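Here is a short tour of a few spots worth a look before you set anything up. Keep your viewer open and follow along.

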Amino acid sequence: MHSHSATTNIKSVAEKLWDCTIKVALVGAPNVGKSVLFNTLTGQQSMVANWPGVTVDIQIGKINVRGEKACIIDLPGAYGLVPTSPEEEVTLEALLTLKPDKIVALLDSTNPEGSLNLVLQLIEAAPERVVVAVTKYAISHAMGVHIDVEKLSRVLGVPVVPVSALEGQGLDQLLAHIASRETFNTHKLWIDYGLLKEDLEELANNSMVIEAAEHFRVTPEWLAIQLLGNNESLLSILEEHGYHDLVSLAMKAYESAMKKTGLRPELYIAERRLAFIEHLASEVVVRRKPAGSYWQKIADVLIHPVIGPIGSLVGLLLTFAAVFSVNTGFPLNIIFRALGYEGVASLLDEYNLASLLDLAFTYLSNIVKDVIPGPAGGLIGDGIIGGVGFVLSFLPLVMLVYLFLGLLEDSGLATRMAISFHPLFYRFGLSGRSVFPLLLGMGCNVPAEYATKSLPEEERLRAVFAVPFIPCQARLAVIIAITSVMVTSILEQSIAITIIYTEAIIAALLTSLIVSRVVQPRLMSEKARLLYQPKPELIMELPPVHKPHWRVVWWYVRDNTMHFIRKAGTVIFLLAVITWGLLSYGPNGYTANPDYSYGAILGDYVGKVTRLIGVGPGKDRILGLALLDGLIAKEGVLTAIAISLGFQEESVHEAIGSLGLTFPQALGFLVMITLYFPCIATLAAMRSITRSWKLVLAYAAYSILLAITFATITYHVVVLVD
């Protein structure tokens, strides 16, 4: 065993850390990907420090993280904190003497059971300082090894971040935890040590153990485990720091524990920890075997240069049609209505998930407003309950969409679909990966925005700005409602919808080009600009094809849905309440009539833009208020028109007809409605992804300008053609 006589010379290593505000230790077993992560974080700018007394080097890299100067200390590979080699002795001694502010415990995702032992010991020692980095995440996914990161984090009580150092995945999140001044531990990790439970509790409550634990910045519980397990390296360190009585206490406790268990205590402790690891792995790890020939044949078709894109597009459209039909009835309601099955179409309109949720929250809102009259009831009923209902109305579609994406992702088919679409999207600054968020946008732009998280950083910003131009189901409902009233010919209705969708797709692709050619270069440093490629290459490793596993798909659905609720839901709720206030209050105070609200006043100003599409005074105010309501959700456009003209919400078609818009005016208005930003929920999602209100507000202004421009051009062109 290595002598610790050199401990007094630790200052020679500590001096290299003098200017760091945060000391971060990377701790992991050999071959877990620690060196790759260290080099990626530090940019390979590091210095070597030789640990006193042994010929073992540690690497130290200094980086700036969110205003903090962090020293990243790459400690030697270790399988545990009970040393059996000089490298493990250095790791233990460094943790106890350098006392790092943060400890990054590395978990190998290709063999999680093998590295959980060290991770558990680190969490037992310093739970408030540990963040777990799950390494080789992309590789393990390709191998068919899946880890429920969210549940693992809940069980361990510390942050768990999946990282792929070479691809840059998860590094921003890891650095955010490193720079955070908050403690990590959410609850105490509990491992059942069986017969030794009382002995460990007695030791942990001993005043000498508590004092030593505070000195070395570890928990008394971990120190008690090491003392009872006869960790000789730790006992040597304790003696060198003057804790001689504690060493004597440990020897007595060790003998007592051996009599109680009939085993050496360190072996008993190891067995109990191994049992915990096996149980935990069974809960959070799923291993897949390659699928049979049937799935492989599908995969081969999808990467065919001609059949692949066609098959992928048809498959995606059919699947999304099924998802959308369950949520809103569309497009099955349109198909049944065209075939003459009006009753079936009406059932789909009334009893889809979105309608049922809307009925439930409307009913609850009306009850509250009856019980609590006046502004307070309106705030609770329409503002708060309406805001919550608005958020929850997205959940069925969000969950169904993520269910579908999870199936594609886990099966390995998603990668092959991306490859088939790449030649088309490449021309517009996007890769084949972007097909998923863009097609998702036809259902709802909110989950479509969150789907861009899987894209590389440079491509992600382009897709984030392009996705909102794809008409969602809410805009489609407005388009169908207005065209069905203003245009009697089915041919003209089809032409109108085709024009609108064509302009929307052009706007999306044009926006991607503008972002890639103009916006992104301006956001980069001069050095980064030299290496910038406006057209993304598609470099993807083809994972084995698997039959999807329900647990892995459920993890995908659960994690992404909860992310939507936490991130977008808060902003949607707040903005919904603010908008309720604008439509419920005016210069004379509270009003039940939106015509006398601040919203109506704003509608007067907003409505002036509709004069560019030939709308005269009077009608412009109504359409302006409709445009304003469309900021919350595009369905609000129809409601605003009905209420402004004195109709009930159920009489939307009559209200639209009473407007008396010409075909060019109606088409121009629909183009305007389609192209300015979809709703506040989409803006909230964009803010969550870009983390920049500046970029989101710039997009909002750009989309409004583009909508006005396209609508004006469309109106004048149609007038000339007529």
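## The disulfide

C20 and C71 are both buried. This is a predicted model, and a search of the whole structure turns up one disulfide. It joins C20 to C71, with an S to S distance of 1.6 Å. The link of C20 and C71 is right-handed, with 40 degrees about the S-S bond.

What does this link tie together? C20 sits in the loop between α1 (11-14) and β1 (22-27), while C71 belongs to strand β4 (residues 68-74), so the pair connects parts that are 51 residues apart in sequence.

## Two further cysteines

Are C472 and C679 buried or exposed? C472 counts as buried because its relative accessibility is 8%, which falls under the 20% cut-off. C679 has a relative accessible area of 7%, so C679 is buried by that cut-off too.

## S109 in its loop

Next, go to the loop between β5 (102-108) and α4 (112-125), where you will find S109. The relative accessible area of S109 is 0%, so this serine is buried.

Which backbone atoms does the side chain of S109 reach? One is the backbone oxygen of T135, at 2.6 Å; another is the backbone oxygen of K136, at 3.0 Å. Setting aside neighbours within four places in sequence, S109 is in contact with V134, T135, K136, Y137, S140, V145 and I147.

## Helix α10

How enclosed is helix α10? Of the nine residues in this helix (residues 220-228), seven are buried, so α10 is largely enclosed by the rest of the structure. The buried ones are W222, L223, A224, I225, Q226, L227 and L228.

If you are checking backbone torsions, stop just after α10: N230 there takes a positive phi of about 60 degrees.

## V247 in helix α12

V247 has its place in helix α12 (residues 244-261). With a relative accessible area of 11%, V247 is under the 20% cut-off and is therefore buried.

What does V247 touch, once residues up to four places away in sequence are left out? Its contacts are L235, L238 and E239.

Terms used. Residues are numbered from 1 along each chain as its sequence is written. This is a predicted model: local features need pLDDT of at least 70, side-chain atom pairs count only at pLDDT 80 or more; totals for chains, interfaces and linings use all residues. Side-chain values use heavy atoms; hydrogens and water are left out. Helices (H or I, at least four residues) and strands (E, at least two) are DSSP runs, numbered from the N terminus. Buried means under 20% relative accessible area, exposed over 50%, partly exposed in between (1.4 Å probe, protein chains only). Contact means heavy atoms within 4.5 Å. A polar contact is a pair of N or O atoms within 3.5 Å; within protein, one must be able to donate a hydrogen and the other to accept it, and residues adjacent in sequence count only if both atoms are side-chain atoms. A disulfide is a pair of cysteine sulfur atoms within 2.5 Å.
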